[in-house]
Amino acid sequence: MRTRSSSAAGSSGDRRASPSRGTRSPDVPEVTFHLAPAGRAAVSVTVADGMSVMRAAVTNAVPGIIGECGGQAMCATCHVLVREEFLDRLAPAGADEVDMLEFSVSGRDEARSRLGCQIHLGPALPALEVDIPASQYS
Ligand code: FES
């Protein structure tokens, strides 16, 4: 996996992932995390086909994604807000996912909230951008 960081405000920002050089290969899935609060650095991570957004974040120490249940859709600590331009590329959330999102600490955005563990990158979804909520714990 490869990570690269950028700042929405143009400064170096607070980031943990190492910046990488070069441009993204169209064959390698990539997810970009926009950290809370708004204006902090964004972190882009390239992943293997089939990897979930939650696993991509946890593996790369992206702050704000916990993944406490390990991807079983039972904790909502992987809550992400999908950027609007990507919403039509995702299958709708299932009933269990919607139910769990009701327990998210930062509240459910009916249009954009998803569980990161239920979204998988790959040929059908080669790129995605998400915002991380301000908190996953109360
Ligand atoms: S990791 Fe627990 S609901 Fe996604």
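Modeller: Start with pLDDT, the predictor's confidence in each residue, from 0 to 100. This is a predicted model, in which local features need pLDDT of at least 70 and side-chain atom pairs count only at pLDDT 80 or more, while totals for chains, interfaces and linings use all residues. Residues are numbered from 1 along each chain as its sequence is written.

Colleague: What does the protein average in pLDDT, and where does pLDDT stay under 50?

Modeller: The average is 86, and 81% of the residues score at least 70. Residues 7-22 stay under 50. Two residues are in contact if their C-beta atoms, placed from the backbone, lie within 7 Å. For residues 7-22 the model has 28 contacts beyond four places in sequence.

Colleague: In what order do the elements run from the N terminus on?

Modeller: Helices (H or I, at least four residues) and strands (E, at least two) are DSSP runs, numbered from the N terminus. Here the order is β-β-β-α-β-α-β-β, with 2 helices and 6 strands.

Colleague: Take V80: is that residue buried or exposed?

Modeller: A residue is buried if 20 or more other C-beta atoms lie within 10 Å of its own, exposed if 12 or fewer, and partly exposed in between; the C-beta atoms are placed from the backbone. V80 counts as buried because 27 other C-beta atoms lie within 10 Å. V80 sits in strand β4, residues 79-82.

Colleague: Which residues does V80 touch, not counting residues up to four places away in sequence?

Modeller: V53, R114, G116, V130, D131 and I132. As for R108, 28 residues from V80 in sequence, the C-alpha to C-alpha separation is 9.6 Å.
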